[in-house]
Amino acid sequence: MALGFFSRLKEGLSRSTQKLTQGLGAVFTRRKLDDAALEELEELLIGADLGTAVAARVIASFRRTRFGKEVTDTEIKSALAEEIAAILAPVARPLVIDPALKPHVVLVVGVNGTGKTTTIGKLAKTYQEQGLRPMLVAGDTFRAAAVEQLQVWGQRTGAPVASAPANSDAAGLAFDALARARAEDIDVLLVDTAGRLHNKAALMEELRKIIRVLKKQDPTAPHSVLLVLDATTGQNALQQVNVFKDMVDVTGLVVTKLDGSARGGIVVALAEEFAIPVHAVGVGEQAGDLRPFDPQEFARGLVGA
Amino acid sequence: MFEALSSKLSGVFDRLRTRGALNETDVMEALREVRLALLDADVALPVVRDFIAKVRDRAIGQEVIGSVSPGQQVVKIVNDVMIEALGGAGAEPLNLVAVPPVPILMVGLQGSGKTTTSGKLAMRLAKRDRKKVLLASLDTQRPAAQLQLQQLAERAGVASLPIVPGQTPLQIAARAMETARREVYDVVILDTAGRLSIDEALMDEVRQIRAATNPAETLLVVDAMTGQDAVNTAKAFNDAVGVTGIVLTRMDGDARGGAALSMRAITGAPIKLTGSGEKLDALEDFHPERVAGRILGMGDVVGLVEKASEVIDQEEAEKLARKMAKGTFDLDDFANQLKQITKMGSLSSILGMLPGAGKLKAQLGDANIDPKLLGRQAAIISSMTMKERRAPDIIKASRKKRIAAGAGVTVQDVNRLLKQFDDMSTMMKRMNKLGQKGLMRQGLGALMPQGRRPY
Ligand SMILES: Nc1nc2c(ncn2[C@@H]2O[C@H](COP(=O)(O)OP(=O)(O)O)[C@@H](O)[C@H]2O)c(=O)[nH]1
Ligand SMILES: Nc1nc2c(ncn2[C@@H]2O[C@H](COP(=O)(O)OP(=O)(O)O)[C@@H](O)[C@H]2O)c(=O)[nH]1
Ligand SMILES: [Mg+2]
Ligand SMILES: [Mg+2]
């Protein structure tokens, strides 16, 4: 037991000193940016989920300006981060709520388990703090205890929650909730939905029905359609965005779970391919763990700069 | 951007097909494409490297046997290595031989499907294996997580540990084991909160839970859509709690599922189960040979056949097959087929399951993968007379105009449908010539008229 503890401690120490010396070495050693170095950088990007095509493109444009230069690891990573931040800058746009709409209807969609309900909780807190009045709609009438989960978020943030019994029609609930929100002078209506895989046509059709029904009361609703993406997702995120965009006119993305080891590089590919705004990122499970999407910070995290 | 693996691979194979033997240059060239294909399928980079090395070692210098082309030879080696790397043929069962109550510990990232899989597993063990199962949620993090498991237990028809607010996960685990011993349960499934691989405190907590309960199985539940981070997750959980099996969820999606290979390679633990839906009966044993095809983009043919047999009207399908064989496939049959396709879900997700579908999908273009279009086509056919449907050749300009008006479409739409039917008949004839085996081996690509749109 004691032995195990000490050997673990030693191992841990040696690992961290190793990292430290590696880090120091990287700061001071200059290295020529040759093919091998560029290939390493390309693999770094692939390892962060940018995908092979996008990684190759980023490195190709990088090569044009910097090939053959003598650089330190730190310099090169900062420069690479800049390159990526430039791709992301145009999509970094906050979700702007128009209080004049009374309510601004936000429909939150995505595949299963990405963090839709949690993100709604976080948004509710944000709006509450801005002096707006949010209302939550427990539109996931399918998954076990999904309604109760959102109700807890309602309690935590002090926002009212519109709900219906399990397995009832989500579109009907959304319709009633919108009517209630209008009557109660609500500023933002945050509509939760059940998770659904984009390749299930019937479930995607259900989502369209929610939109159709909302439009009966307010032809301009929903005013925002947020697609919540899990940062651990790989290349399949491209299909997700493609289908959701076609089916329900997604207006922006929220990328969750960026507090983990996944670096969310797929966002770069999404920015290139679809140019859909990225509004915010989730960095934890608590109400305060939502941040604006900062391309600089995101890009630095991505390359480890 | 969405170019499927299959088309890339078949591109490589085409090139190789014309060459003589497996020399190093050929193999290396093919493997460069395989590397890209695996990365696009989300296999993690270090795992791809090892995989490629293995294929290279086996391929270089290998004799090309008999009538097989060098390309086919490499494909076979890639496929063989993939199946081996995924665990060899057949499924690996759960290991529940221990003194009851046997604990099963469920671990993984947030939202990966642990709770749902716990419910599915409980139902399977209770119904199929006649075990007395207790479900216990140790998730004190996510709102209503314990209630979620309780509701799933009710649906599965098994017991769940009463919820006592304020207890720590470790206390709940102890209470679950106590209850199970006292009330003589066979199996206790311990569902835990999601945790990030870099969250030291929570990783330590699950380490303690493991130490306290000594589970017979520690199942790492992973989303099939996971990207490169699979490596970190696999490593962190394996180091902390010693993973004994992997569950891949959301296999009902259209992700290539390269995470399967990453997970297996990093942990060395077998993939035991897959989740293919949100309902409690959507739990299946893992079949390496099927998933190999999926990762390599050669299509999950078995899966397709199973899915098809679930929804397709058997009699109708047999009738169609007979007509195809006889070459008497007419527009009525075509309409029937469209109906079946609509029933099975979107055309693109079906195509994803077929070998060589990447190429086909690309040639189809976006416009054709549209459920609305299928509806329009059905409408066109239904505006035709019986005679026209049997013998489409008689449909000339004036008939086309009438049909178009009847279906509310343009004459061009009618032309397009007729052309599609024509191509389809050509494809049928080729399919018959090729036979079932040829189709499996060469994929849909073999049916494609060169340089023409098939539909
Ligand atoms: N670490 C972390 N966990 C998150 C984040 N967002 C959501 N989660 C967790 O992910 C899981 C699924 O979230 P949920 O909101 O229920 O997903 P939904 O199925 O899309 O509604 C829960 O355990 C959440 O606590 C995040 O930004 N970081
Ligand atoms: N489509 C699909 N959804 C699944 C599967 N397994 C779980 N889910 C869904 O994924 C979401 C998160 O699952 P949950 O069990 O709560 O994950 P946990 O946070 O790991 O406990 C829920 O909406 C589930 O219904 C699966 O195999 N296929
Ligand atoms: Mg939810
Ligand atoms: Mg859970």
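Reply: Helices and strands are here DSSP runs numbered from the N terminus, a helix being H or I over at least four residues and a strand being E over at least two. The model is a predicted one, in which local features need pLDDT of at least 70 and side-chain atom pairs count only at pLDDT 80 or more, while totals for chains, interfaces and linings use all residues. Residues are numbered from 1 along each chain as its sequence is written, and chains are lettered from A and ligands numbered from 1 in the order in which they are written.

Ligand 2 lies between chains A and B, and helix α5 (residues 114–127) of chain B supplies the largest share of its shell, three residues. A residue counts as near a molecule if its C-beta atom, placed from the backbone, lies within 6 Å of it; of the 23 residues around ligand 2, those that come nearest are Asn112(A), Gly113(A), Gly113(B), Thr116(B) and Gly275(B). By class, this shell holds three nonpolar, 15 polar and five charged residues, where Ala, Val, Leu, Ile, Met, Phe, Trp, Tyr, Cys and Pro are nonpolar, Asp, Glu, Lys and Arg are charged, and the others, Gly among them, are polar.

Ligand 1 also lies between chains A and B, with 24 residues around it, the closest being Gly115(A), Thr117(A), Thr118(A), Gly282(A) and Gln110(B). Here the largest share of the shell, three residues, comes from helix α5 (residues 116–129) of chain A, and the shell of ligand 1 divides into three nonpolar, 15 polar and six charged residues.

The two chains also touch each other, and residues are in contact if their C-beta atoms, placed from the backbone, lie within 7 Å. The contact takes 39 residues from chain B and 38 residues from chain A. On the side of chain B that touches chain A, α2 (24–40) and α6 (145–156) of chain B each supply at least two residues, and α6(B) gives the most, with four. That side of chain B divides into 15 nonpolar, 16 polar and eight charged residues.

Strands β1 (residues 102–107) and β5 (residues 217–223) of chain B pair in the parallel sense over four bridges, and Val107(B) has Leu220(B) as its bridge partner in β5(B).

Elsewhere in chain B, helix α9 (residues 230–241) holds Val231(B), which is buried because 23 other C-beta atoms lie within 10 Å; buried needs 20 or more such atoms, exposed 12 or fewer, and partly exposed lies in between, with C-beta atoms placed from the backbone. Leaving aside residues up to four places away in sequence, Val231(B) touches Ala44(B), Pro46(B), Ser262(B) and Ile266(B). Over the whole of chain B, 47% of the 455 residues count as buried.

Notes
Two strands pair if DSSP finds at least two bridges between them.
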